[in-house]
Amino acid sequence: MIKVLLLFLLLIAGIVLGPILSGHQGYVLIQTDNYNVETSVTGLAIVLILTMVVLFAIEWVLRRIFRTGARTRGWFLGRKRSRARKQTKAALLKLAEGDYQQVEKLMSKNADHAEQPVVNYLLAAEAAQQRGDEIRANQHLERAAELADNDQLPVEITRVRLQLARNENHAARHGIDKLLEIAPRHPEVLRLAEQAYLRTGAWSSLLDILPAMEKVQICDEAHREALQQQAWIGLMDQAMADQGNDGLKAWWRNQSRKTRHQTTLQVAMAEHLIECDDHDAAQEIILDGLKRQYDDRLVLLMPHLKSGNPEQLEKALRQQIKTQGDSPLLQSTLGQLLMKHGEWQQASDAFREAIKQRPDAFDYAWLADSLDKLHKPEEAATMRRDGLLLTLKNPTHP
């Protein structure tokens, strides 16, 4: 720019000085409809130079004015950013103190000038929800959505979290279903999905997210197993409620062998079948489970069965006594089954064996009933007295 200006000045100087040095300044006529302007070449050059000087002066003034305006705007914006930064730090301290009213106020004030305005508005929304102000929470959330542009994931996660806080469970589930399509392994999405599915009874969906929860290490293995069992039992409840006993058994047959061999599920299924008054199907599941793996929970269900084939149960119990050992639970259960079809002597022997290993008030009572049937009232009275004394020593005994 400076080089061009110097060349231009040299050109003008040549035009002005040339005629002077040669003694001829030249003649210039500018004619319009109403005016005639006559001057020399030197005069015209001087006018052009003065015009250029005036234009450069105007440009310099304007540049200074606009530069000053930009600096002023920058100063105001910088001041607002600095204030927003200080307010955000103060809000985080208030968040640690649990002062949600101040958190919302500090986070939302000058939030547009904060380093992360979306984060400020989201935290303000959660703080407003903690105070129970749903209107303000929604306002902050919508403003965050406007500023987030294409990165709507944190906004939608916050929206679901607020819906769960308000017990808008089905709305939260709808939001979670969409979030899982976008971020199927996001830890916070999976945590919120667990809550939403548990509250809405979406047991199949809960089972579907368990592998992802395992891969990203959401909660420990024991918690995931508990969720899985709760989901399976929930599906049993749904099948029984929708189609009754037949639907429940059809659902059980459609499960994989691995599922049907889980002891916890076998116990739950047998309980559901007993509730449906299908004791034969329940007995089949209990006996199948005991053949594969012994579990006290299966044995405890035996006395609740109204079996048309009690001999099969007694045979299974005697086999378990041989393989597992002479435990009080097995002897007591065997005695209860023997009582049901009048085998009083064998029942009393089983109860005596159970009491030898573990004194129990119920076993004393059942033994006394068996002795009454055997016409031994004195011994029966002694057993009842011993059972009563045991109960008095242990008042919390079930």
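Student: Which element of the chain has the lowest mean pLDDT, and which the highest?
Tutor: This is a predicted model, where local features need pLDDT of at least 70, side-chain atom pairs count only at pLDDT 80 or more, and totals for chains, interfaces and linings use all residues. Residues are numbered from 1 along each chain as its sequence is written, and side-chain values use heavy atoms, leaving out hydrogens and water. pLDDT is the predictor's confidence in each residue, from 0 to 100. With helices being DSSP runs (H or I, at least four residues) numbered from the N terminus, the lowest mean, 61, belongs to helix α1 (residues 2-22), and the highest, 95, to helix α8 (residues 187-200).

Student: Is V155 buried or exposed?
Tutor: V155 sits in helix α6 (residues 153-165). Buried means under 20% relative accessible area, exposed over 50%, and partly exposed in between (1.4 Å probe, protein chains only). V155 has 0% relative accessibility, so V155 counts as buried.

Student: How far apart in space are V155 and L141, C-alpha to C-alpha?
Tutor: Along the sequence, V155 and L141 are 14 residues apart. In space, their C-alpha to C-alpha distance is 7.0 Å.

Student: And L55, how does that one count?
Tutor: L55 is in helix α2 (residues 41-97). Its relative accessibility is 49%, so L55 counts as partly exposed.

Key:
Helix = DSSP H or I, 4+ residues; strand = E, 2+ residues; numbered from the N terminus.
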